[in-house]
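Reader: I am new to this structure and would like a close look at one part of it. Please take me through the salt bridges.

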Amino acid sequence: MLQPPQAKPQSARLAVLIPFGIVTLIWGSTWLVIRDQLGVVPPSWSVTYRFVVAGVAMAVYAIARRDSWRFDARGLGFAGAIGVAQFCLNFNLVYRAEQHITSGLVSVVFALLLIPNALFARIFLGQKMGRQLVAGSGVAMAGIVLLFVHEARIDPNGPGQAIAGVAFTLAAILAASSANVLQATPTAARYPMAPTLALAMLIGAGLDALFALATAGPPSIELRVAYWAGILYLGLAASALAFPLYYGVLRTIGPAKAAYSSVIVPVIAMMLSTLFEGYRWSGLAVAGAALTAAGLVIALRARRPNR
């Protein structure tokens, strides 16, 4: 007896693959743009400007869609938590990481987002982890160790710079992962995406400004055209466009699978770092990158890593 054809899994649907691809391409280039933001303007003010632009753009979009802006205390708390974790802690830490190590290496370490996403999904959402995901994560971490050793050896300032850069990146991963898992909860589905993200981005921008005032003093600006073009790109394309797409995918396929975008992003980022930052690949760096990629591919091959 002939069996009826099986439906494609959710992760193979165009409604998931198209936004997934757009987000990956955009975020693959953001690491280099962030690097260009460092210098004259303190990192926290650059983060503030980015999310003021993103929050205003999201608010305009939500108003144009006539989405509801009615938030109860729980909704305000949810938006605030996303603002703190994703749009304040995560990005302040990422910008600081890029002051110590190359943008390409930051993106490679950030690929480990898959691990806490899967762990937190298991703890807080009851989504099971497969053995393949655990094994792949272990291999990927070994690759990150090799990349760290490479950076520590070549840095003229000694291993302290590499340690600081990797530490900031790992802390950013934990903050981003917390926001990712929050987006997969039933609470997230109770509120419309655009107004919630607009509120979260503006809350994040406010906290970024307070942190910048406390640590770097009054607002600082740079008149260079490339700087403000970068702010607009990061605020509009990499935030106001990319985050709704990413969170939509995450709500459909779960935090672990959505974090697969972080596997592809380093390939783009390391290529751009090689072209524009003069990154040089040694045997140790190649081995580390290969191990990281191999481990994440092993995790990717797990049939149902987040269920």
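Predicted model: local features only at pLDDT ≥ 70, side-chain atom pairs only at ≥ 80, totals over all residues.

Author: Aspartate 72 counts as partly exposed, at 36% relative accessibility. Arginine 190 is partly exposed too, at 46%.

A search of the whole structure gives 4 salt bridges. One of them joins the side chains of arginine 224 and aspartate 36, at 3.1 Å from N to O. Here arginine 224 belongs to the loop between α9 (193-216) and α10 (225-253), and aspartate 36 belongs to helix α1 (residues 14-37), so the pair ties together parts that are 188 residues apart in sequence. Arginine 224 has a relative accessibility of 31% and counts as partly exposed. Aspartate 36, with a relative accessible area of 33%, is also partly exposed.

Another salt bridge is formed by aspartate 67 and arginine 65, whose closest N and O atoms are 3.0 Å apart. Aspartate 67 has a relative accessible area of 16% and is buried, because buried means under 20%. Arginine 65, in contrast, counts as partly exposed at 48% relative accessibility, since the exposed class begins over 50%.

Methods:
Residues numbered from 1 in each chain as written. Heavy atoms only, no water. Helix = DSSP H or I, 4+ residues; strand = E, 2+ residues; numbered from the N terminus. Buried < 20%, exposed > 50% of the residue type's maximum accessible area, 1.4 Å probe, protein only.
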